[in-house]
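Here are my notes on the model, point by point. Please read them with the structure open.

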Amino acid sequence: MSEFEPKIVAFCCHYCAYSAADLAGSMRLQYSPNIRIIEMTCSGNIDHRVLLNAFEEGADGVYVAGCLEGDCHFLKGNYRAKKRVHYVKKILEEIGFESDRLEFYNLSAAMGPRFAEIANEMTERIRKLGPSPLRKEGEA
């Protein structure tokens, strides 16, 4: 049996986290290809239903990446996003789903190497947890 390869969705704010991902690519930094990046105007736009839906649609792990605290282009969007992620982690715990499958990170646009580290850290974390209990049988 081959090693489990997790599906991970990263919701990234346009101004910082997505720019950090772009910088990582420009720097030709190697990071896990398991990450599917979804660009958002602001991490504060993330909704708890979107996070839960990502798991329902087969993601093994999900993270939200926003601007550094105090540097959000929309003032408090990253604080709202962090709060929502924390709230969804509680929901996951209550239903017996590993809350470690969901995380929030703060990044600046200049943090390309950190973006690559986070991608690799999340991939390893999810590999250790194994496939999502919501993953359908035979789904790769």
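1. Leu-75 sits in the loop that links strand 3 to helix 3 (77-94). The model is a predicted one, and this residue deserves a look. Its phi is positive, about 70°, although Leu-75 is not a glycine. Leu-75 counts as exposed because its relative accessible area is 70%, and the cut-off for exposed is over 50%.

2. Arg-28 belongs to the loop between helix 1 and strand 2 (35-40). Is Arg-28 buried or exposed? With a relative accessible area of 70%, Arg-28 is exposed.

3. Now strand 1. Six of its six residues are buried, so the strand is mostly covered, given that buried means under 20% relative accessible area. Ile-8, Ala-10 and Cys-12 point one way. Val-9, Phe-11 and Cys-13 point the other way. Both sets are buried.

4. Which strands pair with strand 1? Strand 2 does, in the parallel sense, over six bridges. Cys-13 stands opposite Met-40 of strand 2. Strand 3 also pairs with strand 1 in the parallel sense, over five bridges. There, Val-9 stands opposite Val-62 of strand 3.

5. Strand 1, helix 1 and strand 2 form a β-α-β unit, and the unit is right-handed.

6. Next, the packing. In soluble globular proteins, nonpolar side chains tend to be buried together. The largest nonpolar core in this model has 23 residues. Tyr-63, Leu-107, Phe-115 and Met-122 have the most contacts inside this core. Strand 1 (8-13), helix 1 (17-26), strand 3 (61-66) and helix 4 each supply at least two of its residues. Which element gives the largest share? Helix 4 does, with five residues.

7. Residues up to four places away in sequence are left out here. Phe-115 touches Cys-12, Ala-17, Ala-20, Ala-21 and Ala-24, among others. Its contacts also include Tyr-31, Ile-37, Tyr-63 and Leu-107. Of these, Tyr-63 and Leu-107 are listed with Phe-115 among the residues with the most contacts inside the largest core.

8. Leu-129 lies in helix 4 (residues 112-129). Leu-129 counts as partly exposed because its relative accessibility is 29%, between the cut-offs of 20% and 50%. Beyond four places in sequence, Leu-129 touches Glu-98, Asp-100 and Arg-101. Its C-alpha atom is separated by 13 Å from that of Gly-96, a residue 33 places away along the chain.

9. Last, Ser-132, in the segment after helix 4. Why does Ser-132 count as buried? Its relative accessible area is 4%, and buried means under 20%. A polar atom of the Ser-132 side chain lies 3.0 Å from the backbone nitrogen of Leu-134. Leaving aside neighbours within four places in sequence, Ser-132 is in contact with Ala-59, Asp-60, Phe-97 and Arg-101. Arg-101 is also touched by Leu-129.

Note on methods. Residues numbered from 1 in each chain as written. Predicted model: local features only at pLDDT ≥ 70, side-chain atom pairs only at ≥ 80, totals over all residues. Heavy atoms only, no water. Helix = DSSP H or I, 4+ residues; strand = E, 2+ residues; numbered from the N terminus. Buried < 20%, exposed > 50% of the residue type's maximum accessible area, 1.4 Å probe, protein only. Contact = heavy atoms within 4.5 Å. Core = buried A, V, L, I, M, F, W, Y, C linked by side-chain atoms within 4.5 Å. Pairing = 2+ DSSP bridges. Right-handed = clockwise from strand over helix to strand, strands pointing away. Polar contact = N/O pair within 3.5 Å; in protein donor to acceptor, adjacent residues only side chain to side chain.
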